[in-house]
Amino acid sequence: MNMTYLKVTSSLLRTNAFKQALNAAGLALSILSIVYVFYTQRESISLLVKEITTIRLFLIFLSTLFISFCIYFASSLAWRMLVNQISNISKMTSFFVVCQSQIHKYVVGNFMHHVTRALLMNGYVSMMDYGKLVFLESGLLTLAGIFLLCGFLFADLYMLEPALVLLITFLVPFICSIFATKKYRFYFLVTGLHASTFVLNCLCLLAIIVVLGGEIDHPLIILFAFTAAFLSGFLALGSPGGIGIRELVFLLVIAQAGLNEAFFFQVITLHRVATILCDIAVYFVSKQFRHASQ
């Protein structure tokens, strides 16, 4: 009995030690990325502080809030399709679960929003089934981003019209769902819904560019840069919300494309601040509505 207890305890300690090391590495990577970005763009920071106005901040927050709700809606539909393979939940329940869990991704570890969903989904699915759902959701989200990146690279490689290729790439999952069997149809639909969240985030960046008085000359490069940046932050386990990593990768792609790095530093910084504020707002509003509905 004692030997069994010691083995189990040793296993748990090793697991916890690994998690702590992973969280520490992710946090360190985020901090180093933030320091590097802010150091290299220190002149852009002072320029941003001087030029930004209250009305611009309000417009950025308003547009980001509207697009964030659209992203939450698409994500909740995707989440409901996954959960319904195991247990039926309503659209409203799925929406509230997504709204109340996303804010926790900013906790060190970059996975606490999944833990929160597990707690909110208690009674609907078992912990083992929930683990499978998290793995499946993360995989399909990554696949959606890779689809979009491949579409852009394919267009650039063969000198095709990028807009047309990306449109086709974006529609591929939905088209495949039409011909897929009922058992596998939801995989394609979920991938398509996740792809739409990347496009919606790109629209949010374009809205910020317009508010700041910039010109939208290369929207597809912005989509490519954000998708690559989001996937980098998403896959950086341990990093809280991919903060710093996403911004660094975005600016590296923008610089490689020959665009105004200083201006896009302002754009991606305001996008990060606005989305965090929107995540907080959506969390509290959805929490109040859910209490009221109960």
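Entry 1, Glu247. I started here and noted that the model is a predicted one. Is Glu247 buried or exposed? Glu247 is buried, with a relative accessible area of 9%. I then looked for a charged partner and found Arg272, whose side chain meets that of Glu247 in a salt bridge, 2.6 Å from N to O.

I asked how many salt bridges the structure holds. The count is two. Besides the pair in Entry 1, I found Asp279 with Lys105, where the closest N and O atoms are 4.0 Å apart. This pair links distant parts of the chain, 174 residues apart: Asp279 is in helix 11, and Lys105 is in the loop between helix 4 (91–101) and helix 5 (112–120). Asp279 counts as buried at 7% relative accessibility. Lys105 is buried too, with a relative accessible area of 16%.

Gln102 has 16% relative accessibility, which is under the 20% cut-off, so Gln102 counts as buried. What does Gln102 touch, leaving out residues up to four places away in sequence? I got Tyr72, His113 and Arg117.

I looked at how much of helix 4 is covered. Nine of its 11 residues are buried, so helix 4 is largely enclosed by the rest of the structure. I wrote down some of the buried residues, among them Thr93, Phe95, Phe96, Val98 and Cys99.

I went back to helix 11, where Ile268 has its place. Ile268 is buried, with a relative accessible area of 2%. Leaving out residues up to four places away in sequence, Ile268 touches Leu205, Glu247, Phe250 and Leu251. Glu247 is the residue I started from, the one in the salt bridge with Arg272. I also took one distance: the C-alpha atoms of Ile268 and Arg185 are separated by 35 Å, and the two residues are 83 apart along the chain.

Entry 6, aromatic rings. I asked how many aromatic pairs the structure holds. There are 11. For Phe38 and Phe265, the ring centres are 5.7 Å apart and the planes stand at 85°, so the pair is edge-to-face. Phe38 lies in helix 1 (residues 2–40) and Phe265 in helix 11 (residues 261–293), so the pair ties together parts that are 227 residues apart in sequence. Phe38 is partly exposed, with a relative accessible area of 39%, whereas Phe265 is buried at 2%. I noted Tyr283 and Phe284 as another edge-to-face pair, 5.1 Å centre to centre with 75° between the planes. Tyr283 is buried, with a relative accessible area of 16%, but Phe284 counts as partly exposed at 48%.

I found one aromatic cluster formed by Phe198, Phe226, Phe230 and Phe234. I also looked for a charge over a ring. Arg42 lies over the face of Tyr39, at 4.3 Å from the ring centre.

I ended on a nonpolar patch on the surface, formed by Leu164, Leu167, Ile168, Leu171, Ile175, Ile178 and Phe179. Together these residues have about 720 Å² of accessible area. One of them, Ile175, has its place in helix 7 (residues 162–179). Ile175 counts as partly exposed, at 41% relative accessibility. I compared this with Ser177, which is also found in helix 7 but is buried, with a relative accessible area of 6%. Which residues does Ser177 touch, not counting those up to four places away in sequence? They are Arg185, Phe188 and Leu189. Arg185 is the residue whose C-alpha atom lies 35 Å from that of Ile268.

Note on methods. Residues are numbered from 1 along each chain as its sequence is written. This is a predicted model: local features need pLDDT of at least 70, side-chain atom pairs count only at pLDDT 80 or more; totals for chains, interfaces and linings use all residues. Side-chain values use heavy atoms; hydrogens and water are left out. Rings of Phe, Tyr and Trp (its six-membered ring) pair if their centres lie within 6.5 Å; planes under 30 degrees apart count as stacked, over 60 as edge-to-face and the rest as tilted. Helices (H or I, at least four residues) and strands (E, at least two) are DSSP runs, numbered from the N terminus. Buried means under 20% relative accessible area, exposed over 50%, partly exposed in between (1.4 Å probe, protein chains only). A charge sits over a ring if NZ of Lys or CZ of Arg is within 6 Å of the ring centre and within 35 degrees of the ring normal. Patches are made of residues with over 30% relative accessible area and no salt bridge: like charges are joined within 9 Å, nonpolar side chains (Val, Leu, Ile, Met, Phe, Trp, Tyr) within 5 Å. Accessible areas come from the Shrake-Rupley method with a 1.4 Å probe; for residues, only the protein chains shown count as cover. Contact means heavy atoms within 4.5 Å.
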